[in-house]
Amino acid sequence: MLVIGGGATGAGVAWDAALRGFDVILIDRADLAEGTSGRFHGLLHSGGRYVVKDALAAEECVAENAILRRVIPDCIEDTGGLFVTTPDDDPAYGDRFLEGCRAAELPVEEIGVAEALRREPRLNSRIQRAFAVPDASIDAWKTVWSFARGASEHGARILPYHSAIALHREGHAVTGARVRNELTGEELDIEAGFTINAAGAWAAQIATMAGIEGVGVVPGKGIMIAMNHRLVNTVINRCTMPADGDILVPIRTVSVIGTTDIRSADPDELPVTQAEVDQMLDDGERLVPGFREARALRVWAGARPLFQDEKAEQVADTRDISRTHAVVDHRERDGVDGLLTMSGGKLTTLRLMAEDIVDAMCKQLGTERACQTRDVRPPGNEDGEGYSLGSRLRRREQTLQDEQLICECELIGRSRLEQAMRRRGSANLDDIRRSMRLGMGPCQGGFCIYRATGILHGVGRLDGAEAADSLSGFLQERWKGVWPILYGDQLRQARLDDWIFQGLLDVEHLPEAEEVA
Amino acid sequence: MSHHDVIVVGTGLAGLTAAVRLAEGGARVLVLAKGVGATHLGAGTVDVLGYAPERVERPAEALAALIDERPEHPYALVGAGGVTAAVDWFKARIAAGPLGPYQYVGGVDENLLLPTAVGVARPSAVVPETMAGGDLRAEAAICVVGFRALKDFHPTLAADTLGRQGVSARGLELDLAPEGRADANALAFARAFDDPAFRAEVSGQLLRRLGVEERAAFPAMLGHADPHRVWSELEERLGRPVFEVPTLPPSVPGMRVHASLRGELRRNGGRVILNTVVTGAEQSSGRVTELRTRVGLREERRGADWVVLATGGIASGGIELDSRWRARETALDLPVAGVPEAGEERFRPGYFDDHPMGRAGVAVDAELRPVDARGERLYENVLVAGASLAGAEPWREKSGDGLSLSTGYRAAELVLGASEPAGSAAGVAEG
């Protein structure tokens, strides 16, 4: 079977299907988790956000939150979460919230305002109510990599930087895809007995390749801003109907405020506007006074795959369709065999989404193979204790004298970096950034990116021209995420980085590849 | 409360230049600064003008053209002649300073082309003697020498880039490090190079590995206490030209500039107090009479007849922009010019685009006095120098050091000229 899309959904599907004994190939047009999965806030929902608005989604989150804590503990930090009633929120919503939590069997406890402020001293002291729930933060990159590695240990082939350029059809059935290797330009055909379209916000584009029009996945733009500090150590939600800018998630060394929801025509065109940045900062101010004086590190936008498909809803048994995600069965919808599309969904329910769609595939194939992902741990979760903010520092302290520290912000040593370069088989600095957090700290690569480029070149992964391209490319990619939030200390940092890259190294005048004789 | 003839705020190149020049001109000078200044970040060269926007070969000529075309550029405040005078003064001061005979070579007539740590040919006018051998206008092949324990310098990467520009170059890496450490920065290496035994080991290992015609490039860390000796001894032992290439911060050559000028200041009776933040000023009839300062939690006041503000630009904290896009000069709350209006674009999406915010800074009149939006002088006895000034893009133009040096020097000349009878000031200036 072929899985198109290497985000949380696709990686989950590959892991699920590989465990059930399917022969899996997963392709992604770019790196794993480079799309929506890598551009979210990092919240592992307790379900609290949905208890009033969408009971089914809440129940799913409650169950999946517990399962993920069991199977991928090392990808999760057990921060806990608070729902707080700010002065701008209706205190009565808290009662509906409590009711909803009970209905969804979500463990919740109302705590006093003083206790909430003791736990989170930066929180707005004018909050009126506070509820503790089992929210957590989850490292999306680590999660996706963990499932992808697990799948490949069970025989799956994971092919990042491979784009689907056409889906093959024989009669009524999709039989595979023509794929282009984006790094070499080479094209190849993949034959598949079944194809799962896990392209998220890009799913409609993929379905079109099989001649299927109108698959209702609408990209919903959400912007998020990472703040340089853990302004809070607990996930903070506003206790109100879900809206914009009402979640603050502490993850790794940062905290992320999110998000907006704007329908957008093209998931590849998600410009961040000044008004959106200002809205997030004002929303942050409501939760944590002084938010605007804190240091913003980076801003990005992700494309949610919003499900909106009247045609599929008409033909499918609605009892099988969760309002949060939906398996689009193209046999029923379009008379096309061998193709299913995953629509909608959220990272917290990635495992369930994979289970549902692989179940649907088994049904269509007329085979019964039980899902195993509720209990099996994918690799990378050997510690089994969840990570804590200090875990990297603890590991680092053991080798303090023996090893070079390449990225001071994220505490990445040289040997781990070289290992990752070998294991990833990638020489792209941005890929390494995602898998190791290299350059994600306060200096945004100001110091480590030159070093990493030199090391990649030194170990022979890049020739001089490629190293130059990689360095310039990284600087542009980084700039994309910082220029809309350049003020305060981060502007100062950016100017220091200019000093290094423009003044000292003069990256602007690196000879271009074409100039080489 | 203390009182000085002049308080200089900032210990970067602009502040120290102004302070030394004032002190040797006979003024009682106090330098207040938060930290050691931006010399520790830069290359340690005096880049006068490298791009305008094409690569500049002859900075003196290009300066004249730049001033003609862009009268708002801070170089217009000093003129090409002012830059030359400042450069000559700087070279003399460094050579006579505590690190002498370590000296700077070159001048404003032509730029050298020095390799950066990624191997780009960077135009620079006045450079330490220890870097001049890297001039890429000369043809000799280059062996770039790195050290495994120094993560801030990657010799084969630099050599490859040089090769792509037609320079015959290769890189090699030595496994020597101070005290055998796995991770040592340029300053730790510079201190190791001050030790003759370390130098002997380095040259012993290198001699076997260098080609006959190759010049040898090292990361810029050949000595902290006595760079002239370290460099000349390496040239002698290796029997070939040896030169330094700037590394990531901390900048050892920048520290040498700082140490040299601090030494010269001390010798001329000036003082530096670090960890001091200037938070405002008392004023009366258009003059600043006292500076309000903060040292830790302690508030202090210091009086002065003159203030030279050389706190630097955004990178140094001299200018700040808040999340509502209000810009301020942090010491005296001077107005900041060149900041786009609310709702207008401040930065553009391409990293190397021309960013509207890029040239923001304090606007001054022809005598370096800060002015308001209407061009009216704000204080009679405050002069602004260095990266705080509006109108330049120092890193892209490769002009930051030249601007700091020449405006710092000019500020001192203006103060000396205004506070002494003409004859007497000129007489002291000879000294």
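**View 1. Buried residues of helix α14 in chain A of the predicted model.** In this predicted model, the residues of α14(A) that are buried are A:Cys448, A:Ile449, A:Tyr450, A:Arg451, A:Ala452, A:Thr453, A:Gly454, A:Ile455, A:Leu456 and A:His457. Because 10 of the 11 residues of this helix, which spans residues 448–458 of chain A, are buried, α14(A) is largely enclosed by the rest of the structure. The cover over these buried residues includes, from chain A, β22 (405–407), α12 (414–424), α13 (429–436) and α15 (464–482), and it also includes α5 (155–164) of chain B. Just after α14(A), the backbone at A:Gly460 takes a positive phi of about 85°.

**View 2. Domains of chain A and the contact between domain 2 and domain 3.** The domain assignment divides chain A into domain 1 (2–35 + 141–217 + 306–365), domain 2 (70–138 + 220–302) and domain 3 (391–515). Between domain 2 of chain A and domain 3 of chain A, the C-alpha centres lie 30 Å apart, and the contact takes 13 residues from domain 2 of chain A and 11 residues from domain 3 of chain A. On the side of domain 2 of chain A that touches domain 3 of chain A, the elements that give two or more residues are α7 (274–287) and β19 (296–307) of chain A, and the largest share, 5 residues, comes from β19(A). Sorted by class, that side of domain 2 of chain A has 7 nonpolar, 3 polar and 3 charged residues.

**View 3. Side of chain B that touches chain A.** The contact takes 37 residues from chain B and 47 residues from chain A. In chain B, α5 and α10 (394–397) each supply at least two residues of the side that touches chain A, and α5(B) gives the most to that side, with 6 residues. By class, the side of chain B that touches chain A has 18 nonpolar, 11 polar and 8 charged residues. The helix α5 of chain B is also among the elements that cover the buried residues of α14(A).

View 4. Four strands of chain B form an open sheet in the order β8-β7-β9-β10, with parallel pairing. Since β8 (169–174) and β10 (242–245) of chain B stand at the edges and each has a single partner strand, one side of each is left without a neighbour in the sheet. Neighbouring strands of this sheet are turned by 30° against each other on average, with direction ignored. Within the sheet, strand β7 (residues 142–147) of chain B pairs in the parallel sense with strand β9 (residues 215–219) of chain B over 3 bridges, and B:Ile142 stands opposite B:Arg215 in β9(B). The helix α5(B) lies across β7, β8 and β10 of chain B, and runs at about 175° to β8(B).

**View 5. Packing of helices α3 and α11 in chain B.** Helix α3 (residues 79–96) of chain B packs against helix α11 (residues 400–419) of chain B at an angle of about 90°, their axes being 9 Å apart; α3(B) and α11(B) are therefore roughly perpendicular to each other. From α3(B), B:Gly82, B:Val83, B:Ala85, B:Ala86, B:Val87, B:Trp89 and B:Phe90 meet B:Gly402, B:Leu405, B:Ser406, B:Tyr409 and B:Arg410 of α11(B). By class, the contact of α3(B) with α11(B) has 8 nonpolar, 3 polar and 1 charged residues.

Technical notes. Residues numbered from 1 in each chain as written. Chains lettered and ligands numbered in written order. Predicted model: local features only at pLDDT ≥ 70, side-chain atom pairs only at ≥ 80, totals over all residues. Domains from an automatic or database assignment. Contact = placed C-beta atoms within 7 Å. Nonpolar A, V, L, I, M, F, W, Y, C, P; charged D, E, K, R; others polar. Buried ≥ 20, exposed ≤ 12 C-beta atoms within 10 Å, placed from the backbone. Axes fitted to C-alpha atoms, helices over the stretch in contact; angles between N-to-C directions. Parallel < 35°, antiparallel > 145°, perpendicular 65-115°, else oblique. Pairing = 2+ DSSP bridges.
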